[in-house]
Amino acid sequence: MSAVTQSFQKKLDALREQIRHHEYRYYVLDDPELSDAEFDQLMNQLKKIEAEHPEAITPDSPTQRVGGKPREGFVKAKHSSPMFSLDNAYSIEELRDWERRVHELIERDDVEYMCELKLDGMSLVLRYEDGRLAQGITRGDGNIGEEVTSNVRTVRAVPLAVDAAKRKQAGLPADFEVRGEMMMPLASFRRMNEEREAKGLATFANPRNATAGTARQLEPSITAQRRLDYFAYMLLRDGRTIFDRQSETMDALDAAGFKANKNRRLVKSIDEVWEFIEHWETRRETLPYEIDGIVVKVDRTALQNELGFTGKAPRWAIAYKYAARGGITLVEDILVNVGRTGKLTPVAILKPVPIGGTTVSRATLHNLDEVERLGVKIGDWVQVERGGDVIPKLVGVVEDKEHPRGTREFHMPEKCPVCGGHVVRTEGEADHRCVNANCPAKLRESILHFAGRKVMNIDGMGEALVTQLTDRGLVKNVADIYRVTQEDLLKLERMGKKSAENVLREIEASKKLPLERVIFGLGVRFVGERTAQFLAEHFGSLEAVMAASAEELEEVNEVGPRIAESIVEFFAEPRNRELVEQLRQAGLTLAGEKKQRGTQLAGKTFVLTGTLARLTRDEAKKLIEDAGGRVSGSVSKKTDYVVAGEEAGSKLDKAKELGVAVIGEAELEKLVP
């Protein structure tokens, strides 16, 4: 490189670094040093230089936040480790119960907690390779999300690169992962809705919905216009936490140039947690963004590892949800919705009322018993509540001089409002059901369920497409999905060639999904995601499930008489067996690996303590349970083995005191060859 070129590159790098500095001051610290006009002048200067020297443009240049053509769709990406939900608490008593469980499991009382605001947005993962932003991935189902990198690059609170000096200061490796919350500030939300209203477009109900919709825009320039924000709260390397404490993680995020929420506090007791909760409950309206609670985390990573996870949530964290926000509104009508199982659900149609940032116009009444319990009539004024992600619900009828009672009673229809089929209510059950197997409402909802993210994951097959397919008679059952052609799709509204190709590619990919997804997708009453997995592991094939008696089905984990009877009834119907045969012919996975618990560790009880080198706490637990063993949270005389890793706690001392055998990770693996 010539001296002139070196000089030019040095000036260019200095200009980019100057712009990055001012972006950080403005978007992360909220403390700008320049006016907007002065900042724009610097950016225009950089754009002019790069236009004259395109060979000098780098992916992390500030000019490259928005660029390129609109995307055709989003590809899926697997997370480095599962993204779990949090269990909720709604009172100080529930928080104390959680603390008590934490103390019992780790057998110590000196626990510190990190309190953070529970931001009301959407979870987002950032992956950095050699310090540069490589991927932005949505949460998805917690295991697999969608790559939205082009859109993430437009969020100015997200660094496009973290240089070596900042990484060193923060204690970060070259390759690392950040998890956090992407959200829309209230000012951006209001401005966007005003612009949409002026154009005659539908407005978004709340910032969370607007964020989710914006994150999945196929045109990054639209995402850029909506001014999203991003707060980081976790740092990982190869799916594991980097630092010894959550408080250290937050400090490292600050040092690396990420926007970690400053409204956080490290405390030593639930009483101090409660002070933090009360402090922000009275001040949440002063924030420039929405929160719906407080997240409380055990600070030390070693204790987090020791506590581990339940099936759906970490034991070391909990979300305190603020009380529901409510309002009073008028019940204008009560309609009946027909679901995929034929269940008839009364739904209150409400005079729109704003509650907690959302305009509420509908609320489920669940069943006739609930309508009668509330005593609600059409024309009544009612109290409606909504809290966090909870669906709006009617709390009660308002009776006073200002709110006169309604006069029209609600009656559950004797005929299905969709198909006119007979409606029945089985003795001992609360629900009314349409018994017509060919009810269009059941068909549409069944297909939406089958194509859903947690079932066959057919991206693009949403309500609009499914409605067209069923209305035109192209899909009469879920097996017909696999007979749809490109020619069929191109006849539908708003369906271009590229979109049709994407849908067909998703349909084809779904054939490779495992047996438990197919079982779940059939829509057998009472058979959810977890039960479907147990059935697949126990029987190993759908054919074996179909042939099983009620007694044989009850041998499956968590399958009782009610579920067993429902499965037998489902497969006793010839049309359902024919449906399975059609799915077989379509090439779906109807067989898998038959998994039964081993016997090597049958009758043996294990306790895990400390951090293992190769296995996570959940992996070690699964290894033991798959071999027939049992994992307990506390050491007693009945404990056979304590598996101890680094920083083993008081459980190790208790084991030595009781004379319980203590083994390491390698010895555990030898017990289960």
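Q: Which strands does helix H9 lie across?
A: This is a predicted model. In it, helix H9, residues 246-256, lies across strand S7 (176-183), S8 and S9. The helix runs at about 120 degrees to S8.

Q: What is the order of the strands in the sheet with S7, S8 and S9?
A: The order is S5-S4-S7-S8-S9, an open sheet of five strands with antiparallel pairing.

Q: Which are the edge strands there?
A: They are strand S5 (132-138) and strand S9 (240-241), each of which pairs on one side only.

Q: How many bridges are there between S8 and S9?
A: Strand S8, residues 229-237, pairs with S9 over two bridges, in the antiparallel sense. As for individual residues, leucine 236 has threonine 241 in S9 as its bridge partner.

Q: And what holds paired strands together in general?
A: Strands of a sheet pair through backbone hydrogen bonds, and the pairing can be parallel or antiparallel.

Q: Back to the strands themselves: where does aspartate 130 lie?
A: Aspartate 130 is in the loop between strand S4 (122-129) and S5. Its phi is near 50 degrees, which is a positive value in a residue other than glycine.

Q: Is that aspartate 130 buried or exposed?
A: Aspartate 130 counts as exposed because its relative accessibility is 56%, and the cut-off for exposed is over 50%.

Q: What about histidine 366, where is its place?
A: Histidine 366 is in the loop between strand S15 (358-364) and helix H12 (368-374). Its phi is positive, about 70 degrees, although the residue is not a glycine. With a relative accessible area of 39%, histidine 366 is partly exposed.

Q: Changing topic: what is the order of the strands in the open sheet with mixed pairing?
A: That sheet has five strands in the order S2-S12-S11-S3-S10. Strand S2 (88-89) and strand S10 (264-267) are its edge strands, and each pairs on one side only.

Q: How many bridges join S3 to S10?
A: Four bridges join strand S3, residues 113-119, to S10, and the two run antiparallel. Glutamate 116 has arginine 264 in S10 as its bridge partner.

Q: Which helix lies across S3 and S10?
A: Helix H10, residues 270-281, lies across S3 and S10, and also across strand S11 (291-298) and strand S12 (317-321). Its direction is at about 25 degrees to S3.

Q: What do S13 and S14 form?
A: They form a hairpin with four residues between them. In the turn, glycine 342 has a positive phi of about 90 degrees. Seven bridges join strand S13 (residues 325-338) to strand S14 (residues 343-355), and these strands run antiparallel. Asparagine 337 has threonine 345 in S14 as its bridge partner.

Note on methods
Residues are numbered from 1 along each chain as its sequence is written. This is a predicted model: local features need pLDDT of at least 70, side-chain atom pairs count only at pLDDT 80 or more; totals for chains, interfaces and linings use all residues. Side-chain values use heavy atoms; hydrogens and water are left out. Two strands pair if DSSP finds at least two bridges between them. Contact means heavy atoms within 4.5 Å. Axes are lines fitted to C-alpha atoms, for helices over the stretch in contact, and angles run from 0 to 180 degrees between N-to-C directions. Buried means under 20% relative accessible area, exposed over 50%, partly exposed in between (1.4 Å probe, protein chains only).
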